[in-house]
Amino acid sequence: MRQAGTGTGGAAVAVVGPVAVPLLLLLLLARSPPAAAGDGQKNDARLVSEQFSQAPQKLAFYSWYGSARLFHFRVPPDTVLLRWLLQVSRGSGPTCTNVEITVYFRYGAPPVINPLGTSFPDNTSVQPSFFLKMLHSNASINISHPAPGDWFVAAHLPPSSHKIEVKGFVPTCAYIFQPDMLVVRVVEVSILDPDVPLPQTLLSHPSYLKVFVPEYTQELRLELQGCASNGSLGCPVRLTVGSATLPGNFQKVLTCSSPTQACHLLLPSPPWDRWLQVTAKSLAGPRVSVAFSAVAALTACRPWSVNFQHLLQSTPNQSSNASTVLLPPTPSYQDLDRTGRVGGGSFCLRSFPVLREDVDVVSVRFQPLDRVSVVVQSDMPSVMRLNLNTGMDSGGSLTISMRVNKTAIANTSVVACVTAASPLLSFNASLSCTTAFFQGHPLSLSASSPTANLIIPYPETDNWYLSLQLMCPERPEECEQASVLVETTLNLVPCLNDCGPYGQCLLLRRHGYLYAGCSCKAGWRGWSCTDNSTAQSAAQQKAAALLLTLSNLVFLAPIAISVHRSLLVEASVYAYTMFFSTFYHACDQPGEAVLCILNYDTLQYCDFLGSGVSIWVTVLCMARLKAALKYVLFLLGTLVFAMSLQLDRRAAWNTMGPCLFAIVVMVTMWVYRCGRRRHCYPPSWQRWVFYLLPGISMAAVAITIYTSMMTSDNYYYTHSIWHMLLAGSAAFLLPPREQHTKPWACSQKLTCHYEICKNHRDELYTVT
């Protein structure tokens, strides 16, 4: 069972049913690859195959973005076919069942997913994700003419049940996922030079062309000239221009069939500074040849260049117009010839240099060189370029904030468009924010709305552009001499607002690639922990904090009983546990009810250590060992707990192992005393009925709650019950004091000199 998601972009993506993936790999690699479009009966010697693979990962049930397993691939240039081979394997235990696995694909950045259906922050622009749902079976997916560069695959199991499972206590099923990438790329590509006809003849295989689009190209025109066919009328040719990307695919397809009309394709604002793939395929029969000449024409774009020195000397209050902030174009801009240089022609944009300041990992600040604002006019767009093509910038969120003075924009408006690869150079009345191969993100400023914000999670690896232009829809003549200062705040941040007060921004890693995600608390959900549909109220948070902290006061009972029975070491352990458990849970709370006296990790370690050692000393105390042996085991057990918790503090057997050993020691001593005294131990039925059975029952209920009943929703009261049951069982299970020991013996006043004290039980003499 498989289900494809949205954003396929026509027929560029094909999903193939379950296949024997290793056999498919051998078949594909053993022979020359077929043509990308599947046409033709003979092999195309221009195509070669390459395979890429990564180590498999264990899938997890989805609860936040860190639950998804991310794979990072790089598609080589001139690839005409990309095939993902998806392999899933699972364990053989009784808990292993068929579960639905969701696999996401995206070009340029990790996929933005939302399996829980939560809301995104305001002003967030999110494209639908392309995904594939599959059961425990192998599958493949084909993408024709994929864009070269970074591709990401993410996979996860269905949303989790929010049950808190003790690691290693209950057997779990392992689901292993591994994607392999097989690419078919062409090694002979014809270069299409500007304004130079390139003759081509199509028979059974398509022609692969590419044209380089230099920076500051305003328009690209592709045309077929002199098209003729020996077996049909017209020009039976189909051109596919551009590369396929996911989730959105903006490839341009031109079908030429009319024998009289010219066959051409006009691409405004094509992607700058890169090669553009063009594939020509014959629509005639297999033995029909089609001849034509392909011509590419590039229209130059002359940018105004802003004077650096003038900007650095400007002040925020200085009035500005076109003549004061602009200089003639720099001498390096010349005519757009075959080498792609820019020159003659009308000016089409005003270029503002932007300073990129790397702050931290996945954290960048962009700002104009004048540090304040950008001049916007109506004659041409003002463009700012944001360099996000380092390969390490796609793991955060791009935030754009713009502000304008209300008085300066009374009868006008400022429209803006955020695009990747190339800027929008022609604003029209419909305010369409679309370039040749990219759907941009529109923004607008007006007197009624002087601020505008945009958030783009996981922006694609590319150069991004912010284009702004002044518009006067009612009175166009008012815009001719007008200019507006727009203040911009441009940042790349790991997490928006650091995930807010109810979340934690965590940096995730896949090999050398870093990306960030929000882990939410207190019922808050969403990409940035802003969805409060299931959030706890402030009263619920305070109640949870009080329950988790004040429930530890039940440890006062075993502390008092231990002191009363002269069990000072046990009393110290219980006091240690009560103290650190109280302050650990006070620090573990989200939102307002938080109090951390030490580092969070230190408090958590001490809480886990105190809980384990409390059980250890209680069970050994019930064994009634000799004092020397008991205290040696106390110390050794504490050291073992410290070591095991340092290895993995959440593993069940790191705590249960020493506790089971203590129970074995206790049972052995009890059996030994039963055999020696010829009657049951402890001998008193009152001891069994009023102390041991209630204590054992409370301990059994506590273990049941801890291992099988806790969820993220009921944690604050089930864990509080665990605290009370653990402390209550210790109070019931502590053995009675020795007959020769007086109650509260430790509270008697100590003498001020040395004396010889006799231990009547062990017959040892010590100096006190």
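Let me start with the side chains of Glu 215 and Arg 385, which are joined by a polar contact of 3.0 Å, the term standing for a pair of N or O atoms within 3.5 Å where, within protein, one must be able to donate a hydrogen and the other to accept it, and where residues adjacent in sequence count only if both atoms are side-chain atoms. This is a predicted model, in which local features need pLDDT of at least 70 and side-chain atom pairs count only at pLDDT 80 or more, while totals for chains, interfaces and linings use all residues. Residues are numbered from 1 along each chain as its sequence is written, and side-chain values use heavy atoms, with hydrogens and water left out.

Glu 215 sits in the loop between strand S15 (207-213) and strand S16 (217-229), strands being DSSP runs of E with at least two residues and helices runs of H or I with at least four, numbered from the N terminus. With a relative accessible area of 25%, Glu 215 is partly exposed, that is, between buried (under 20%) and exposed (over 50%), for a 1.4 Å probe and protein chains only.

Turning to the helices, which residues of H5 (residues 556-564) are buried? They are Pro 558, Ile 559 and Ser 562, and because they cover an arc of only 105° around the axis, they lie on the same side of H5, the arc being that of the directions from the helix axis to the C-beta atoms. Helix H6 (568-587) and helix H11 (715-733) are among what covers them, and after H5 comes Ser 566, with a positive phi near 60°.

Technical notes. Contact means heavy atoms within 4.5 Å.
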